[in-house]
Amino acid sequence: MRKKIALAFVLVTLSCVAVLGMATYLRSQATLKERILSESTAAFATIELKLNQTIETAREDALFLAGTPPIRGIMRARRHGGYDAETRSTYDMWVERLQQLMISQLRNRSDYWQMRYIDGRGQEIARVDSLDGAIKAVPKNALQNKAEHAYFTETSKLPAGAIYVSPLNLNREHGRIETPHRPTLRVATPVYSVLGEQQGVIVINLYAARLLDKIRMQDGHQVYLVNQDGFFLAHPDPAKTFGFDLGFDYQLQHLHPRLAEKLRGDANEFVEYVDEPELAGAEDHVHGFRKIRYDPSNPKNFWALAFDLPASVAFAPITKLRNDFLVFGLLIATLGAVAGLVWAGRFSRQAVELAATAGEIAQGRTDLRVDLATKTDEFHALGQAFNRMMETLVSSESRFSNIINLAADAIVTVSEDQRILSFNRGAERVFGYSAEEVVGKPLDILIPQRFVNAHGQHMRGFVQEPHQARAMGNNRRIAGLRKDGTEFPAEANVSKLTEGGRMVFTAFVRDVTERERAEEEIRRLNAGLEGRVAQRTAELEVANKELEAFSYSVSHDLRAPLRSIDGVSQALLEDCASRLDDQGRHYLQRIRSSTQHMGQLIDDLIKLSRATRAVIRREPADLTQMAQTVFAELRRAEPGRQVEFQTQDIMIADGDLRLLRIVLENLLSNAWKFTSRAAHARIEMASFPDGTGERAYYVRDNGVGFDMTYADKLFGAFQRLHTPADFPGTGIGLATVQRIVHRHGGRAWAESELGKGASFYFTLGPFSRPSPPENPS
Amino acid sequence: MNANALSILLVEDNPDDEELTLRALRQNNILNQVSVARDGAEALDYLFCQGAYKARDPLQRPAIVMLDLKLPKIDGLEVLRRVRADERTRLMPVVILTSSKEEQDLVNGYRLGANSYIRKPVDFNQFVTTVGQLGLYWLVLNEAPPR
């Protein structure tokens, strides 16, 4: 096992390194190659730029020279026989001035080696040479005719301001190639008179050797410069250059036929990786070129920078990368192998130990645990988890068996052939058998004889059900048979489990004798209760009707005699006044005031009974408005009194409008009444949150107040704390207030101190609005 | 139109109330003829000229009926219902004059077509004032419906 693990480790490490390495290498290789190829010609761009800059500078210098006064002066002097009358200068004087200009220019341009002015017939007029650091004008007798040279004939054809750039070739003096060879490039521009006559050319000779030196070596690699015909201008072997001048035929064609072929095409740039066949023994290489079009007036002329490198040189960075990968990969693989071997040893030993422990536990030694001291890392965690699992298992097993044993229900397991397998203590209690007596016996002994068949059928049906574990007929009512032969009603849940390929049934049986009796009792009580409720309701309805009839009768019949007494007394006072003395008239007045008081009592009683009976219809009630209306009525009844009245600006309550009005009438008229002796009577009505989520409203006055000792009597009917002589009243008002407030689900209370006024508070129950009032039809 | 020609029908079973009402009318100088019916049945007989009042001139209709609600035989509301149901008395002004302030009576009274609903106060002085205003309104100010 150890070897297997180690081997696997090495293999996995190796393949990972190999795959990763290959992928990285291939991608880097492709990128590098691309970059090398593109940069190989990009490096030439700087050379091209330099060349172009040089030519451009020469062009500007030539044009400058063509426009200088000496050129004009020479032309004028030649036209007038050698003397320029305009400036009083001779021809020679102008030539000398031109030479001075050329000398000063040559001093600044190390690339130039010659400047000339050649007249329209090809004869040199002014020429200054810069040879080996010495700048000097060439004497008149040494001047030559260059009429047949291409740079003269070609430039003469150009318009003013245009420029001619000659091919790069070896300089010739008097028709022969000068030695040592002087590779030269000529930049020329035509000179025109003010009348537009062609008056020769200005020519600047550039010394190309310095430029070619740069070209020869690029990053230590071989680079060639060839012209449009494939002749070498720069070559590691100088003897192979300028073949066209020196009369030998050695071209790019002979060295790199493929490059020469590509060069003849239109492409300005070309790079190629040449994969040579292995057998030929030749090395793979990279070659290419970049064309430089130096003559704007003649695009057919170009130079090409060409190169050819062995692939090993060109792609040296790639090779290095590959080697690095190989070394690195081998290192990792070796490390992997060593680590794998070490780890595998530890791993296999610990695994073997764990397996042994598990095996012993499986044999029944549930007290056994994994020795954690010898375990590391995952094995330690695994051992811990294993031990925890064992603890949980052991404790859950013991808990489970405790539950089974302590359960009040009978729990009986039954085998597939309907024999009892286990019988808990609950079962012993319920059936009266001990476990020893029934284990192994058929289940039928627990079932009344007449149900045995039906039960058997039921069980067979259950067996054939496809479900693996399932409860059968939850809470099925069955009958059980006790050991003493008595039957009992029971509720049974049966579930089926497959245990080791065999079916086992577990029956939970509950003796419901007691429960059935209790249920029966509840049913009986309920029936009785319903009957009693119906009876009480009927009685209440009757009582309510009687009360209504009574209050109607009180309101109607009791008042009629009172009215008679009062009326007759009045009639007596009016009609028989002459026959009555003061005492008699006083008595009659007493009769009248008593009857009127009783009339008031009756009215108040009716209000109280109405408050008791009325159906509450809650709706938003503007208590501020209501209080002001009530107060206005009080004021109207007694316009002589000065009472200050204040209410909270906005006070919306949720209650029955008519009943709330009665509440305010009572409270405010009380306040009105009990402030009748106050110097500055003041009544206030407002509200505040009472702290239990409800709003409390209060009416406060600065009247006589009352003794809090009697506060509990305040809200009882007919309870009065003042004599009628002090303050009239029936003692029903606050009882009515309390009745109404209670009907709303609120409460009423009062606070006072004798002589310091009183406050009456009430709430109207939780602020929940019931369904809107029904329309009285 | 001679005011004396306008008669009043008072439907009142309580002799005390009858006497006090008549007294109150007198004290208010309402001297119109007042007929009194002491139960609902008698009131209907009077109005429809039947029974004991068979000989009464049907054209002599009271200018106003003062109707108590709690009456023997036929109660006041039933009397009102029948008065409103009959073509001859449909438009006759009926004022309910009663001790009851029960909402149900008020609602039923108006629903059956009472022209007014007045609660007799216990205080006789108030009662006199009330009856005076009643007579003034119905017998003097109010234009009776066409006969």
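Two strands are taken to pair if DSSP finds at least two bridges between them. The legends below describe close-up views of a predicted model.

**View 1. Pairing of strands S10 and S11 in chain A of the predicted model**. Strand S10 (residues 183–192) and S11(A) are joined in the antiparallel sense by eight bridges. One of the residue pairs is formed by Tyr192(A) and its bridge partner in S11(A), Gln198(A). The two strands make up a hairpin in which five residues lie between S10(A) and S11(A). Within the turn, Gly196(A) adopts a positive phi of about 90°.

View 2. Opposite Ile204(A) of S11(A) stands Met115(A). In a regular strand, side chains alternate between the two faces of the sheet.

**View 3. An open sheet of five strands in chain A**. The strand order is S24-S26-S27-S29-S28, and the pairing is mixed. Strand S24 (643–647) and strand S28 (748–752) are the edge strands, each pairing on one side only. On average, and with direction ignored, neighbouring strands of the sheet are turned by 15° against each other. Strand S27 (residues 695–701) and strand S29 (residues 758–763) of chain A run antiparallel and are connected by six bridges. Arg700(A) has Ser759(A) in S29(A) as its bridge partner.

**View 4. Helices H17 and H18 lying across strands of chain A**. Helix H17 (residues 623–637) lies across S24, strand S26 (681–689) and S27, and runs at about 165° to S24(A). Helix H18 (residues 657–674) lies across S24, S26, S27 and S29, and its direction is at about 25° to S27(A).

**View 5. Packing of a helix of chain A with a helix of chain B**. Helix H15 (residues 513–575) of chain A packs with helix H5 (residues 124–141) of chain B at an angle of about 90°, their axes being 8 Å apart. H15(A) is therefore roughly perpendicular to H5(B). From H15(A), the residues Arg563(A), Asp566(A), Gly567(A) and Gln570(A) meet Phe124(B), Asn125(B) and Phe127(B) of H5(B). By class, this contact of H15(A) with H5(B) comprises two nonpolar, three polar and two charged residues.

Methods
Residues are numbered from 1 along each chain as its sequence is written. Chains are lettered from A and ligands numbered from 1 in the order in which they are written. This is a predicted model: local features need pLDDT of at least 70, side-chain atom pairs count only at pLDDT 80 or more; totals for chains, interfaces and linings use all residues. Axes are lines fitted to C-alpha atoms, for helices over the stretch in contact, and angles run from 0 to 180 degrees between N-to-C directions. Helices (H or I, at least four residues) and strands (E, at least two) are DSSP runs, numbered from the N terminus. Angles under 35 degrees count as roughly parallel, over 145 as roughly antiparallel, 65 to 115 as roughly perpendicular and the rest as oblique. Two residues are in contact if their C-beta atoms, placed from the backbone, lie within 7 Å. Ala, Val, Leu, Ile, Met, Phe, Trp, Tyr, Cys and Pro count as nonpolar, Asp, Glu, Lys and Arg as charged, and the others, Gly among them, as polar.
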